[in-house]
Amino acid sequence: MSHSSLLIRGAQAILTGRAGDAMRHDVRSHGADIRVRGSRIDAIGHLTPEHGERVIDAHGCIVMPGWVNTHHHLFQSLLKGIPAGINLGLMGWLSAVPVSYRRHFDHEAVMRLAARLGLVELLLSGCTTVADHQYHYYPGMPFDASQAVFDEAAALGLRFVLCRGGQTVTRSIDVNPPPQVQPETLEDFLAAVEHDVQRFHDPAPDALRRVVCAPTTPTWSVPVEHLRPIADEARRLGIRLHSHLSETSDYVRYTHEVHGCSPVDFVEQHGWVGEDVWYAHLVHLSSAEVTKLARTGTGMAHCPQSNCRLGSGVAPAPALHRAGGRVSLAVDGAASNEAADMLHEAHTAWMVHRAVGGPDAITAEEVLHMGTAGGARVLGLDAVGTLAPGQAADIVVMPLNEPRQWGLHDPAMAPVVSGAGRPSHVLCHGRVVLDNGQIPGLDLQALRAEAQAAVRVMQTARS
Ligand SMILES: [Zn+2]
């Protein structure tokens, strides 16, 4: 499936992923062709096919960087639309769905199936880099969840960042916790993170595999005295830190009541801010917190669909972005967002901020930047997220095949303003991972049947 040289020819528009006016490559003056050699973009311009080179015809297509999804829980891909949690907010939903259903993920085959399904959904929307916040770990676990998710990403050819989650204390929010949410000791948690770093982590700017230290929440999943040692150990290992923060107003109230300060001040006190840290959600922030996140370079994984779905609110992502902060886009787990689709997520981001902040609250170009280069910056993958010579060849070719995309006066913005469509071709690290709309080697109908069977097994076990 890999080609030493490949030409994407005749794009209608090329979106670079870069901020501001640099988002749009001028195809008329500077050419509409992109050559890929090995894993990198070799050239963008007026290019002629070379002998033996594969050519992908991009006439009438938008060409853009692969989306970068900076927060997910892949194991939740088999937990969509569970009736017991469908109308609940974060706290009730956590107890009714992710915690309650953890016992069904004791089997490697189920974990692999869920991860595969989530990754396939993402790939079909043009996503090439996935940061998965995997927190299904507990003492005596019968299989290697880290290996399983890395294997599934590698089988599809995707760039994968394992945010190794977990907990070192029994969480006060877990009602009737099953054995699968028993805590690890701090020593075991840190040893497991280091083991994953040794096995999987590549610090290169175009790494296909990264490991991040990511206790599930800094407030409930670890005792306060563990926060500093965890941050210190991550920095000793040269890896990033990730967690959830300030998802709901209840969360903010809890932090004020228990710790006497705002959530961002709380994590700052324990070494958990900086360019090597990013948080999912950050829905409820004061202006002082926005300023502090921007000043310290602490990143946001903005998950507007999950925040809408759980009724959590709308994160001030445009304010952080315009303050010079680091903002990325993410789908979050499927148990709180039944669409693991970066096109859909971008469309929602564009819509929801204008609904609450007016028509100049965010532009389509800003959303595209957040979902591509913004995400790569948050993850420290500097050779990813933009289309330019020398950058990793993570490229999406998006035909405008949907009637919804017809009649557009500025088709280049279709991926954000239409929120529909499917790529014809996706390259990740120079490899064609979606070819003429098909994932090479994947039987999609077999995946569907396996997912339906897994849901039936869960339903039978609970009836
Ligand atoms: Zn999450």
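A donor here is an N, O or S atom within 2.8 Å of the metal, and water is not among the atoms, so a site may look incomplete. In this predicted model, four residues meet that criterion at the zinc ion: His71, His73 and His244, each through NE2, and Asp332 through OD. Their distances to the zinc ion run from 2.1 to 2.5 Å.

The geometry comes next. Ideal angles for four tetrahedral donors are 109.5 degrees. Four donors count as tetrahedral if all angles lie between 85 and 135 degrees. Around the zinc ion the 4 donor atoms subtend angles of 89 to 173°, so the arrangement is classed as irregular.

Along the chain, the donor residues follow the spacing H-x1-H-x170-H-x87-D. His244 belongs to strand β12, residues 240-245, while Asp332 sits in the loop between β15 (326-329) and α12 (342-357); the pair therefore ties together parts that are 88 residues apart in sequence. Buried means under 20% relative accessible area. His244 has 8% relative accessibility and so counts as buried. Asp332, with a relative accessible area of 4%, is buried because of that value.

Rolling a probe the size of a water molecule over the atoms shows where empty space is left. The structure holds 1 cavity of 30 Å³ or more, and the largest cavity has a volume of about 210 Å³. Its lining consists of 21 residues; Leu90, Trp93, Leu94, His244 and Glu247 are those nearest the centre. Two elements, α2 (90-99) and β12, each give two or more residues to this lining. The largest contribution is that of α2, with 4 residues. By residue class, the lining of the largest cavity divides into 10 nonpolar, 8 polar and 3 charged residues.

A separate feature is a sheet. It is open and is formed by 6 strands in the order β3-β2-β7-β16-β17-β18, with mixed pairing. At its edges are β3 (24-25) and β18 (431-434), each of which pairs on one side only. Strand β17, residues 425-428, is joined to β18 by 3 bridges, and these two strands run antiparallel. Within the sheet, Leu427 stands opposite Val432 of β18.

Technical notes. Residues numbered from 1 in each chain as written. Predicted model: local features only at pLDDT ≥ 70, side-chain atom pairs only at ≥ 80, totals over all residues. Heavy atoms only, no water. Donors = N, O, S within 2.8 Å, 3.2 Å for Na, K, Ca; no water. Tetrahedral: all angles 85-135°; square planar, octahedral: opposite > 155°, others 65-115°. Buried < 20%, exposed > 50% of the residue type's maximum accessible area, 1.4 Å probe, protein only. Pairing = 2+ DSSP bridges. 1 Å grid on protein atoms, 1.4 Å probe; cavity = no way out; pocket = protein on both sides within 12 Å on 5 of 7 lines; lining within 4 Å. Points joined across faces, edges and corners; volume = space filled by probe spheres on them. Nonpolar A, V, L, I, M, F, W, Y, C, P; charged D, E, K, R; others polar.
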